[in-house]
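The briefing below is arranged by topic.

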Amino acid sequence: MFTMSTMNSSSPLMPVLFVGHGSPMNAVTDNGYTRALRKLGGELPRPRAIMVVSAHWLAKSPVVNCAKNPEQIYDFFGFPPELYAVKYPCPGAPDEAQFVSRTAKYMVTCTPEWGIDHASWAVLVHLFPDADVPVFEMGFDPGMDPRSHYELGRRLTALRRNGILVIGSGNMVHNLNMMEYDMEAEPHDWAVDIDEKLKSLILAGDHRALVEYKSLGRNMALAAPTSDHYIPMLYALSLREETDRVEFFHEGIQNGTVSMRGFIIG
């Protein structure tokens, strides 16, 4: 596992995370995934702010939330009352959100609308349970070409040198049409195969293949029938620098078709 001693000691870079967030129920469930998040949270350097690239904030163009006190959004329905009782009253980070907009040459606009959805708070409740680190989300247009998302992410490398922890929150394998309702269901063979394929490409640093993921065949088409949960991973990968290492802090598949794989870059 990455600690401060295993980070690149010659650079003040913050690490970058990709988290497979899965069902909102992970916010209130004790399992291998949530235990891995809690362990990781205890090892991360404390950030000045956190930017979460959310699979659940789909916009007409790239956007960041610049609210001083972002609303906690329960962007789901039909779940047990205990989930709606979870509160994550983190402050916002309007100055850091404006910094993102400036750094991206205003390709990313700033808005007080939206807030933090479960791609953020259902993860952060385990990583930073005290809710005392400022948080803001980044939303994106899923209709943009994947290469454009990756190149936009490359414009944001300065965030890491300014104390901002970037978290891409989605799932690299995410097929709700074929999912099982049992979180512990046996993983589908195709989901296991493509999850391992994506792992190997990440470790090889083959970002071109990962950006051009639609050419990876039938299993990839099943893994990402829509792009929304895959794109946050491209933003995380785009921030990797030449001397960075990649380590997976959790592996596994929930509900048969949802990869909970997560990694840290640093």
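A residue is called buried when its relative accessible area is under 20%, exposed when that area is over 50%, and partly exposed in between, with a 1.4 Å probe and protein chains only. On that basis, 60% of the 266 residues of the chain count as buried. This is a predicted model, in which local features need pLDDT of at least 70 and side-chain atom pairs count only at pLDDT 80 or more, while totals for chains, interfaces and linings use all residues. Residues are numbered from 1 along each chain as its sequence is written, and side-chain values use heavy atoms, with hydrogens and water left out.

**Overall fold**
- The chain has nine helices and twelve strands, taken as DSSP runs (helices H or I, at least four residues; strands E, at least two) and numbered from the N terminus.
- The radius of gyration of the chain is 17 Å, which agrees with the value near 18 Å that a compact globule of 266 residues would have; it is taken over C-alpha atoms, and the globule rule is 2.2 Å times the number of residues to the power 0.38.
- Of the contacts (heavy atoms within 4.5 Å) with a separation of 6 or more, 82% are between residues 24 or more positions apart.

**Helices α5 and α9**
- Helix α5 (residues 146–154) packs against helix α9 (residues 231–238) at an angle of about 40°, with the axes 8 Å apart; axes are lines fitted to C-alpha atoms over the stretch in contact, and angles run from 0 to 180 degrees between N-to-C directions.
- That angle makes α5 oblique to α9, since angles under 35 degrees count as roughly parallel, over 145 as roughly antiparallel, 65 to 115 as roughly perpendicular and the rest as oblique.
- Residues of α5 including Pro-146, His-149 and Tyr-150 meet residues of α9, among them Ile-231, Leu-234 and Tyr-235.
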